[in-house]
Amino acid sequence: NPEKAKLLQRFFKTGKGDYGEGDIFLGICVPEQRKIAKKYTELSLTQIQILLNSKIHEHRLVGLLILIEKFEKTNDKKEIFEFYMSNYDNINNWDLVDLSSHKIAGVYLIDKDKKILYDFAKSNHLWKKRISIVSTYAFIKNNIFKDTLKISEILLNNKHDLIQKAVGWMLREVGKKNQDVEEDFLNKHYKNMPRTML
């Protein structure tokens with residue numbers, strides 16, 4: 001849908017110097033992409049890699065939707081987790097991160113060492129940072145808040161609105177589960193937090 005593609009290219013900031021610079025859209029809505037992904041859950045990781053390497057946004061999104069399906073059904077979750085984390089350069093827009101990181105990285109790490117998320121949070125890479133905080137959504141759903149709060153502290157003074165919004169979103173999710181925990185964090189940090197995050 002060329003008309004929708006034009007709208008999406010503006011919405012996802014694909015212009016020169018923007019966070020989505022060079023991203024190409026076909027204008028296919030997400031429900032359609034979900035239908036396509038359901039048909040092709042048997043694709044190998046090598047085939048999914050071709051989708052993730054594509055300059056076309058919908059190819060990468062379908063690749064991630066297939067990967068989530070495979071992750072949920074497989075016994076070898078480690079292989080898919082490692083494949084996912086090594087593809088951070090291809091998970092390069094906020095919708096791609098938000099759709100997938102908590103369903104793969106978050107679910108996988110829930111009962112494991114979470115050092116990789118802290119490493120991602122401390123990197124200079126925008127999408128690694130967003131993956132680090134949004135992955136903790138899986139922990140929040142299981143009433144585990146400490147990693148969300150610690151990673152939020154690491155990202156507290158980040159200047160990018162996509163990081164501020166992601167941290168604010170995760171803190172809001174903490175509050176839905178336990179308002180006292182959220183308010184304790186806010187009481188400690190609200191004076192220094194960027195307003196977007198707050």
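F11, F12, F25 and W94 form one aromatic cluster. A search of the whole structure finds eight aromatic pairs. Rings of Phe, Tyr and Trp (its six-membered ring) pair if their centres lie within 6.5 Å; planes under 30 degrees apart count as stacked, over 60 as edge-to-face and the rest as tilted. This is a predicted model: local features need pLDDT of at least 70, side-chain atom pairs count only at pLDDT 80 or more, and totals for chains, interfaces and linings use all residues. Residues are numbered from 1 along each chain as its sequence is written, and side-chain values use heavy atoms, leaving out hydrogens and water.

**Y19 and W127**
- The ring centres of Y19 and W127 are 6.0 Å apart and the planes meet at 75 degrees, so this pair is edge-to-face.
- Y19 lies in the loop between α1 (2-11) and α2 (30-39), and W127 in helix α8 (residues 126-134), so the pair ties together parts 108 residues apart in sequence.
- W127 is buried, at 6% relative accessible area; Y19 is partly exposed, at 23%.
- Buried means under 20% relative accessible area, exposed over 50%, partly exposed in between (1.4 Å probe, protein chains only).

**Y88 and F120**
- Y88 and F120 also pair edge-to-face, with 5.8 Å between centres and 75 degrees between planes.
- Y88 is partly exposed, at 22% relative accessible area, while F120 is buried, at 7%.

**Charges over rings**
- The charged end of K128 sits over the ring of F120, 5.0 Å from its centre.
- K141 lies over the face of Y137, 4.3 Å from the ring centre.
- A charge sits over a ring if NZ of Lys or CZ of Arg is within 6 Å of the ring centre and within 35 degrees of the ring normal.

Notes
Helix = DSSP H or I, 4+ residues; strand = E, 2+ residues; numbered from the N terminus.
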